[in-house]
Amino acid sequence: MVTLNRIYTKTGDKGETALGDGTRLPKHALRISAYGTVDETNAAIGLARLHTEGELDDMLARIQNDLFDLGADLCVPEDGRRGEGALRIVESQVERLEREIDAMNTVLSPLASFVLPGGTPAAAHLHLARTIARRAERLMVELAAQEQVGSAALRYVNRLSDHLFVASRYANDRGAKDVLWVPAANR
C-alpha cells in the first residue's frame, strides 16, 4: 500500500512532475497525458458507479483498481531506471475483461443500429467513460510509437472501451433502453 502524508509537495510548481522512477518530465509530456487520461477514465467510472449495483458494480470496481495498476505501469517507463520489477498490467487482466464482455453480451440482443449515449444514468456515464478510455488508448498508442509501452497495457485499454460499451447496454435494462441512432432522422 501507498502512504500519503502530504498532498502538496510544491515540486510541480514550475510545470514539471516526477515519474514513478524519479525522472522529471514537463506536465504536458505525452506519458503524463496518457496516464492522466487513464485517471480521467477512472473518475468517470466512479460517477457511473453511483448508479450501479450488483455484478456490474463489482466489475467496475475491479476495473477502477486495474486503472490504478495501469497508471502505475505507465508512470514507470519499461526501459527506465526502475522498469525492472515495476507493477505492470498482465494478460490475465485483459482476459478477465474479455470474459466479462462475453458474459454480459450473452443477455443482450444484437444491435440493429449504432447506440447513442444515453438511456439510464449509469449507461450515459459509462458511455462518457468509454469515450475517455478511447482517448487514453489513442494517447497510449501514440506514446508506444515513441517509447516502450507494454503490450498487455495496450490490449487492456483497447478491451476496456469495449467493456464499457457492453456495460452501458447492460445498464440500459439489458439493452431494452438503448437509444439507437436513426440515420438522417432530422433532415
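Asp178 counts as buried because its relative accessibility is 13%, where buried means under 20% relative accessible area, exposed over 50% and partly exposed in between (1.4 Å probe, protein chains only). The model is predicted, so local features need pLDDT of at least 70 and side-chain atom pairs count only at pLDDT 80 or more, whereas totals for chains, interfaces and linings use all residues. Residues are numbered from 1 along each chain as its sequence is written, and side-chain values use heavy atoms, with hydrogens and water left out.

Asp178 is found in the loop between helix H5 (151-171) and strand E4 (179-180); helices (H or I, at least four residues) and strands (E, at least two) are DSSP runs, numbered from the N terminus. Beyond its neighbours within four places in sequence, Asp178 is in contact with Leu111, Val115, Arg169 and Asn172, contact being heavy atoms within 4.5 Å. From Asp73, Asp178 is separated by 105 residues in sequence and by 35 Å in space, C-alpha to C-alpha.

The largest nonpolar core has 47 residues, of which Leu70, Leu74, Met140 and Tyr156 touch the most other members. Such a core is a set of buried Ala, Val, Leu, Ile, Met, Phe, Trp, Tyr and Cys residues joined through side-chain atoms within 4.5 Å. Two or more residues of this core come from each of helix H1 (30-49), helix H2 (54-75), helix H3 (91-105), helix H4 (121-144) and H5. Leaving out residues up to four places away in sequence, Met140 touches Ala34, Val38, Leu70, Leu74, Val149, Ala153, Leu154 and Val157.

Leu116 lies in strand E3 (residues 115-116) and, at 35% relative accessibility, counts as partly exposed.
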